[in-house]
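Please walk through this model with the structure open beside the text.

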Amino acid sequence: MPVNHLGYRPWKEKLTGSLTRWWCISSSGISLAQKSALVKRMLFAAWLPVLYWGVGFFFIGQALEGKSEFLPATLQEDVRQYIDQMPGKKREKIREAEKGANRLVVAALLKQHFKRIPQVGRLADGLESGDESTARNRIWCWLMMSFFRYPQGLMILFLVGAIAPSLISRDIRSRAFLLYFSRPIGKTEYLLGKFFIPATFIALVTTLPAIALYVFGVLMSPDLTVILSTWDVPLRILLGTVVLVVPTVSVALMFSSLTQESRFASFSWFAFFTLGHAAWLAVVFSHALRQGGAIPFKVDIMEKAEVKRWGLLSLYNNIGEVQGWVFGFSTLSDAWAGLLVLVLITVVSLAVIYRQISSPMRV
Amino acid sequence: MQPLISLRSLVKNYRNHRALDGIDLEIMPGITGLLGPNGAGKSSLIKAVLGLVRITSGTGTVLGHRLTLDGKKIRNDIGYMPEDDCYIPGMSGVEVVHFAASLSGLPNIEGLRRSHEILDFCDMKQERYRAIETYSTGMRQKVKFAAAIVHDPKFLILDEPTSGLDPEEREALLQRIGVLCEDARKSVLLSTHILPDVQSVCDQVVILSNGQVRLNKPLTELNTIQAPTVEIGVDRPDRDFIRRLETQSLQVAVLKSGHLKVTGTSLESLTEQLWQAAAVSKVMVLSLKPAMNSLESIFMDTVAESNKAAREAVDAG
């Protein structure tokens, strides 16, 4: 018998409230998931784009402050060429009002380097017509949106695919349902607990670096008054995370709840994500080829109505549309169809999960 | 004394199948054995008590909470050890118990301390740090038992707790149940097929068959035989001795153990007659004790009676 054997002793202390018990499920799931070497590598890889975007924040910050000597020589040359091409009045304005014209320099940079993206063109136009504080806000929002959309949007595919598919299927296979539901845990708490496992990892690779970039951007600014013109950026980051997390995690958990084999759930998740997007890309390519356009084609072909409606097939595209609205680069009337698809996907997924997690108790 | 569980006309249907057919049941504090053949409705009854399945009709209270409305409150006060293996792959034994403690509302650090304490109580040593997938059946049973009691529930529901255990571990587990009941004043509902387990620890026996309660009595009452009967051990089962007893209007049965079960009209005259017959037949009496009913025979008789009634009902229908 061990020296510390105390036999059975009653527990006299107070139990915690039932409102926080779902977090026990999340925290244990997070600690289990982070044991995986694959997930650790993904987390590391997911933070690498932050460096690239950090450099972007630095150069744009410097350009807005008129410190063009910080810009690489090639960019300075681009700016000079662009200003030289401008109509006489505009060119004079830039040269005379040095500080106020910095946004025009940034607009010039954007137009030179992102000719094929219509959204950037609209952003640059906005910079040319607005003031400096609006320019900073718009640029930061655009940087954040592109951070969410391109590197992290794709990383989510792999991160959710590595974590979510095993969460419910593993419980079905090992009958861990009884461990949960013989406790004061309801189906909603179970689902909430499971939901926040991949959601936490997504937040770690999207929200946290985006907030870090925002803080970096503030620190790179001349004074803290930039917070007054960019206070909405952190809120847009949080809302952008919600748009990214809710439909993706719901779909992945739904696939997980439909099978005991997590590899089938993983396969279904990747198939759902990639096939929808591939179908949309096929439509875009076929339109580009029919019009005799070169590949790579101009991105504005995606803006055409007969192409755009096929974008609803792609989860990635729908998320992008809604995030465009969240970051202020499109209106609700542009994004409503994508938003409706995301809401539908989420509702159907949650209904299926509810049904599936009730069924082991019915037998 | 207030009953812990009180059920009235409880019915549970699974589509066309009636799993519980008008259960009326009261379970008092102490250790209650829940017996029944496969498909009798034991698991459905346990799930209904825990509030895990929606009952079709009926009412009841469990530990003072309303059956259908207070599922979470009921599960807060009950420790349930399921028959099936249920674990989370990748966790160690102590992590599973700690997780169960957290789900029941124990604070994090205190839950870990308590988990170790309970695993000590369950005689789980360093293997508690191993991944649970590598455990033997006996170790998993210990972890399930520890997870069921870690939050100090008032009432324990143990579903086949000794299945898959070797005799030594089985004895140890039954002893732990006894300690919980006697020292910590816990009440236990023990669902099992192993009748000697019920015989050794239970105060009350409930037999369920075809979704109905067929018997609900204290074990002492079941063990007591109505007519005065004794069990006598002799050095040799002598035919002359048995014939002498039978000529005195005593009923004699030879048991598998070689002992004789003798039934008379009064206990005093019965023992007198036994001693006299032994003296005449020159048989040495090695033991003499009041006979008890066999739980196995009670169980078999009750189930057979239930099956017969069910067949008759089908024929009549």
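B:Ser6 stands opposite B:Thr61, a residue of β4(B). The strands concerned are β1 (residues 5–14) and β4 (residues 57–62) of chain B, which run antiparallel and are joined by five bridges. Strands here are DSSP runs of E with at least two residues, helices are runs of H or I with at least four, and both are numbered from the N terminus. Two strands pair if DSSP finds at least two bridges between them.

This is a predicted model, in which local features need pLDDT of at least 70 and side-chain atom pairs count only at pLDDT 80 or more, while totals for chains, interfaces and linings use all residues. Residues are numbered from 1 along each chain as its sequence is written, and chains are lettered from A and ligands numbered from 1 in the order in which they are written.

Stay with B:Thr61. In β5(B), its bridge partner is B:Arg66. Two bridges link β4(B) to strand β5 (residues 65–66) of chain B in the antiparallel sense. Two residues lie between the strands of this hairpin, and B:Leu63 takes a positive phi near 50°.

Now move along chain B. An open sheet of four strands has the order β12-β13-β11-β14, with antiparallel pairing. Its edge strands, β12 (251–254) and β14 (285–290) of chain B, each pair on one side only. From one strand to the next, the twist averages 20°. Within the sheet, β11 (residues 229–234) and β13 (residues 260–263) of chain B share four bridges and pair in the antiparallel sense. B:Glu231 has B:Lys261 in β13(B) as its bridge partner. Helix α10 (residues 267–281) of chain B packs on the sheet and touches β11, β13 and β14 of chain B; its direction makes about 20° with that of β11(B). Contact means that C-beta atoms, placed from the backbone, lie within 7 Å.

Turn to chain A. How do helices α14 (residues 262–290) and α16 (residues 315–326) of chain A cross? Their axes come within 7 Å and cross at roughly 80°. Axes are lines fitted to C-alpha atoms, for helices over the stretch in contact, and angles run from 0 to 180 degrees between N-to-C directions. α14(A) and α16(A) are therefore roughly perpendicular to each other, a term for angles of 65 to 115 degrees. Among the contact residues are A:Phe273 and A:Trp280 of α14(A) and A:Tyr316 of α16(A).

Finally, the two chains meet. Chain A gives 33 residues to the contact and chain B gives 37 residues. On chain A, the elements that give two or more residues are α1 (21–33), α8 (165–174), α9 (177–181) and α17 (332–362).

Notes
Contact = placed C-beta atoms within 7 Å. Parallel < 35°, antiparallel > 145°, perpendicular 65-115°, else oblique.
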